[in-house]
Amino acid sequence: MLTNLADVDVGRLATPVLHTAFGLPLDKPVNEEPRMEISRPTLERLVGAYRTEESAGMIHIWTEGNQVVAQVNGEREELRASGETTLVIVRSGKPLNFFVHRTENRAWAVRLGMRMYVRA
């Protein structure tokens, strides 16, 4: 399924069709990111603001106590860890994949879907 719109959950449209075709239960997740606890220093490498010129979008990531929170294109989202360089938007299950600079030991970019956001 293709769309020219940003932030469209194509999975919500395609999943029931595919599950029906393959005889799978309709409520079975297609791909669920694993759950993982990461240390505070590892998390701090990912915290920050990221932007893309492609759609003038922004992603801000911060912590509130033990909770990781993001503002993704104006929407507040709770996050959870899936790996040392992956956070997942709890509501949608979409992964945020981070790219960490080897010598600076902090993320220089994050990918959400097909878009790359660089540290602002």
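This is a predicted model: local features need pLDDT of at least 70, side-chain atom pairs count only at pLDDT 80 or more; totals for chains, interfaces and linings use all residues.
Residues are numbered from 1 along each chain as its sequence is written, and side-chain values use heavy atoms, with hydrogens and water left out.

**View 1. Arg40 and Glu44 meet in a salt bridge.** A salt bridge here is a side-chain nitrogen of Lys or Arg within 4 Å of a carboxyl oxygen of Asp or Glu; searching the whole structure turns up 5 of them. For this pair, the N to O distance is 3.3 Å. Both residues belong to helix H2 (residues 40–44), 4 residues apart, about one turn of the helix. Helices (H or I, at least four residues) and strands (E, at least two) are DSSP runs, numbered from the N terminus. Arg40 is partly exposed at 40% relative accessible area, and Glu44 is partly exposed at 38%. Buried means under 20% relative accessible area, exposed over 50%, and partly exposed in between (1.4 Å probe, protein chains only).

**View 2. Glu77 pairs with Arg91 in a salt bridge.** Their N to O distance is 2.2 Å. The pair links distant parts of the chain, 14 residues apart: Glu77 sits in strand S4 (residues 75–83), and Arg91 in the loop between strand S5 (86–89) and strand S6 (95–101). Glu77 is buried, at 6% relative accessibility, whereas Arg91 is exposed, at 66%.

**View 3. Glu104 and Arg106 form a salt bridge.** Here the closest N and O atoms are 3.7 Å apart. Glu104 counts as exposed at 51% relative accessibility, and Arg106 as partly exposed at 39%.
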